[in-house]
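Notebook open, structure loaded. I want to jot down what I looked up, one topic at a time.

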Amino acid sequence: MQFKDIVGQTVMANRLTEIIDSGRVSHTQLFLGETASGSLAMAIAYAQYLNCEHRQHYGEAGPDGLRADSCGECPSCKKYQQLSHSDLHLYFPYAATATVKGTSISAADFQSEFREFLNAKHQCGTLDEWYEFMQIENKQGQIRERDADDIVRTLGMKSYEGGNKVVIIWMAEKMTVQPANKILKSLEEPTPNTLIILVAESSEKMLSTIISRTQLVKIPSLRENGRTASPEFRNLYVTWMRQLFKLNMASLSAWVDTMHDKSREVQKQFLLFAQESIRDSFLRNNAGLPSHIDFGDEKFNASFPTMITERNIEKINDAINDAIFAVERNAYGKIVFMELSFRISKALKKR
Ligand SMILES: [Zn+2]
């Protein structure tokens with residue numbers, strides 16, 4: 001995972017690469033935030049950047065405002081991209097399934113399944129989606145003592161490839177008291193060149209003794225309103241609306257490809273943002289209310305709202321709702337966004 005492939009987290013990504021570049025990497029970190037907003041993806045991108053042999057520094061002109069990113073090409077990056085690096089150790093909650101059961105099951109039994117899940121969901125899948133993927137019915141997943149033993153053992157070993165060993169524990173709040181106590185000592189007495197990242201959505205159920213031993217990295221939620229929507233969302237939106245107005249097919253299909261590559265959750269969040277933006281423009285144009293969304297482009301701020309009138313607002317709104325519905329049902333991204341683009345483009349001409 002490269003930072004450029006995570007939407008909406010540029011500010012945090014820049015902070016993280018800066019920390020690594022300055023050599024102030026803390027041995028144990030807690031990435032706190034919703035998985036759907038990219039907290040696990042950020043942890044993996046962070047580990048990939050740490051181990052990259054040719055870190056890219058962009059200065060002012062990086063993609064989406066990124067100051068730096070991993071190269072994606074070196075041997076370490078290639079293994080990270082496939083989640084197959086032998087010094088990347090992933091732990092997560094799980095429960096017995098129809099085929100993997102018994103008292104001795106551990107995270108080791110679900111490694112390939114978990115990687116499949118991460119790939120399918122662009123590393124932004126939620127815990128519920130993981131349980132659904134595992135088909136564990138109504139059982140609750142856990143991180144068990146057996147896994148804690150494995151984590152301690154892993155931390156005590158030398159790295160396979162000579163670089164940094166990385167242990168990522170996803171949904172660390174699903175670790176019960178006994179396993180959590182077992183890894184405490186490892187958190188406290190780091191072995192050299194080892195990074196432990198706990199990824200959690202809520203710290204409430206975690207032991208305070210664990211939290212106090214970690215450095216907190218708060219991953220901002222993407223479920224924000226337009227006022228604070230990410231620069232990426234605003235850029236994607238402004239570019240899109242301009243293309244729809246002119247209906248430039250070449251650049252529109254490039255835009256559609258970009259959206260297709262995002263995770264479903266990010267696609268949905270973007271569509272919700274687009275919907276809110278359209279409503280904002282309508283209110284500003286027709287009800288004389290002040291706009292609360294700054295698109296970061298003065299010309300667009302001034303001219304776009306006049307495009308949204310009572311003759312097209314409903315059509316656009318319906319089209320976006322249909323797209324959200326389709327995304328939630330795993331429809332093919334390219335078709336969803338292309339069809340939506342045509343519908344909005346048509347509606348914009350009927351103002
Ligand atoms: Zn690299």
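Are helix 6 and helix 7 roughly parallel or roughly antiparallel to each other? I'm working from a predicted model here. I looked up the axes of helix 6 (residues 145-156) and helix 7 (residues 177-188), and they cross at roughly 10°. Angles under 35 degrees count as roughly parallel, so helix 6 and helix 7 are roughly parallel to each other. Their axes come within 8 Å.

Next I checked who makes that contact. Helix 6 brings Glu145, Asp147, Ala148, Asp149, Ile151, Val152 and Leu155. From helix 7 I noted Gln178, Pro179, Lys182, Ile183 and Ser186. Sorted by class, I get six nonpolar, two polar and four charged residues in the contact of helix 6 with helix 7.

The crossing of helix 9 past helix 11 is right-handed. On the helix 9 side I wrote down Phe233, Leu236 and Tyr237, which meet Phe270, Phe273, Ala274 and Ser277 of helix 11. The class tally for this contact is six nonpolar, one polar and no charged residues.

Then I went through the loops. Glutamine 140 sits in the loop between helix 5 (127-134) and helix 6. I found 10 other C-beta atoms within 10 Å of glutamine 140, and a residue with 12 or fewer is exposed, so glutamine 140 is exposed. Its C-alpha is 6.6 Å from that of alanine 95, although glutamine 140 and alanine 95 are 45 residues apart in sequence.

Now backbone angles. Most residues other than glycine have a negative phi. I flagged asparagine 193, which isn't a glycine but has a positive phi of about 55°. Asparagine 193 is in the loop between helix 7 and strand 6 (194-200), and it counts as partly exposed with 15 C-beta neighbours inside 10 Å. I also flagged leucine 247, whose phi is positive too, near 45°. Leucine 247 belongs to the loop between helix 9 and helix 10 (249-260). With 14 other C-beta atoms within 10 Å, leucine 247 is partly exposed.

Last entry, the domains. I have the chain split into domain 1 (3-218) and domain 2 (226-349), with C-alpha centres 33 Å apart. Nine residues of domain 1 are in contact with eight of domain 2. The domain 1 side of that contact has three nonpolar, four polar and two charged residues.

Technical notes: Residues numbered from 1 in each chain as written. Predicted model: local features only at pLDDT ≥ 70, side-chain atom pairs only at ≥ 80, totals over all residues. Axes fitted to C-alpha atoms, helices over the stretch in contact; angles between N-to-C directions. Helix = DSSP H or I, 4+ residues; strand = E, 2+ residues; numbered from the N terminus. Parallel < 35°, antiparallel > 145°, perpendicular 65-115°, else oblique. Contact = placed C-beta atoms within 7 Å. Nonpolar A, V, L, I, M, F, W, Y, C, P; charged D, E, K, R; others polar. Buried ≥ 20, exposed ≤ 12 C-beta atoms within 10 Å, placed from the backbone. Domains from an automatic or database assignment. Left-handed = near helix turned anticlockwise from the far one by under 90°.
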